[in-house]
Amino acid sequence: MGTARVLSRGGVAALAVAALLAAAGCGSARETQQIPVTAFRNYGASPLQHTFYIGSDARFHRFQWSNGKQGGTWLIARAEMDIVNEKSADDPRAARAGYFLSRRDDGRWMAH
């Protein structure tokens, strides 16, 4: 009886959000994950929440992302996501700083 714990509504909600983020490929580990474009989230360009495009190779677009304490690297197949002005993942300027993204009216992404 003394060891049983009751979750408050807020605790249940927090567990549900954590489960959804894990299911969407947003785990807490800072690791590289291949995700479908439907799981992509553009967190913007602030220090604690950001998604930076770091370049593309022959198969994937690469992104560094952070959302609070969670973050990592996402790989999205080039065929799934149209970036108008792709950058080479081998470009040392891109790997060092990254680019922030915006979505154009036609649905295509633009690196800045």
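**Close-up views of the predicted model**

View 1. Leaving aside residues up to four places away in sequence, Met81 touches Val37, Phe40, His61, Phe63, Ile76 and Trp109, where contact means heavy atoms within 4.5 Å. The structure shown here and in every other view is a predicted model, in which local features need pLDDT of at least 70 and side-chain atom pairs count only at pLDDT 80 or more, whereas totals for chains, interfaces and linings use all residues. Residues are numbered from 1 along each chain as its sequence is written, and side-chain values use heavy atoms, with hydrogens and water left out. The largest nonpolar core has 15 residues, and those that touch the most other members are Phe40, Tyr53, Phe63, Trp74, Met81 and Leu101. At least two residues of this core come from each of strand E3 (60–67), strand E4 (70–77) and strand E6 (109–111). A nonpolar core is here a set of buried Ala, Val, Leu, Ile, Met, Phe, Trp, Tyr and Cys residues joined through side-chain atoms within 4.5 Å; buried means under 20% relative accessible area, exposed over 50%, and partly exposed in between, with a 1.4 Å probe and protein chains only. In soluble globular proteins, nonpolar side chains tend to be buried together.

**View 2. The open sheet and the order of its strands.** Four strands form an open sheet in the order E1-E4-E3-E2, with mixed pairing. Its edge strands, E1 and strand E2 (49–56), each pair on one side only, and the twist from one strand to the next averages 25°. Strands (E, at least two residues) and helices (H or I, at least four) are DSSP runs numbered from the N terminus, and two strands pair if DSSP finds at least two bridges between them.

**View 3. Antiparallel pairing on both sides of E3.** E2 and E3 run antiparallel and are joined by seven bridges, with a hairpin of three residues leading from E2 to E3. E3 also pairs with E4 in the antiparallel sense, over eight bridges, and in their hairpin, which has two residues between the strands, Gly68 takes a positive phi near 70°. Arg62 can be followed across these strands, as it is the bridge partner in E3 of Gly55 and has Leu75 as its own partner in E4. Six of the eight residues of E3 are buried, so this strand is largely enclosed by the rest of the structure; E4 is mostly covered, with eight of its eight residues buried.

View 4. E1 and E4 pair in the parallel sense over four bridges. Glu31 stands opposite Gly72 in E4, and Gln34 has Leu75 as its bridge partner in E4. Gln33 also lies in strand E1 (residues 31–34) and counts as buried because its relative accessible area is 18%. The side chain of Gln33 makes a polar contact with that of Glu31 at 3.2 Å. A polar contact is a pair of N or O atoms within 3.5 Å; within protein, one must be able to donate a hydrogen and the other to accept it, and residues adjacent in sequence count only if both atoms are side-chain atoms.

View 5. The structure holds four salt bridges, each defined as a side-chain nitrogen of Lys or Arg within 4 Å of a carboxyl oxygen of Asp or Glu. One of them joins the side chains of Arg108 and Asp82 (2.5 Å, N to O). Arg108 lies in the loop between strand E5 (101–103) and E6, and Asp82 in the loop between E4 and helix H2 (92–97), so the pair ties together parts that are 26 residues apart in sequence. Arg108 counts as partly exposed at 29% relative accessibility, as does Asp82 at 37%. Another salt bridge joins Glu86 and Arg78 (2.7 Å, N to O); Glu86 is partly exposed at 33% relative accessibility, and Arg78 is partly exposed at 33%. Arg104 and Asp106 also meet through their side chains (2.6 Å, N to O), with Arg104 partly exposed at 30% relative accessibility and Asp106 partly exposed at 44%. Side chains of opposite charge can pair when their charged atoms come close.

Methods:
Axes are lines fitted to C-alpha atoms, for helices over the stretch in contact, and angles run from 0 to 180 degrees between N-to-C directions.
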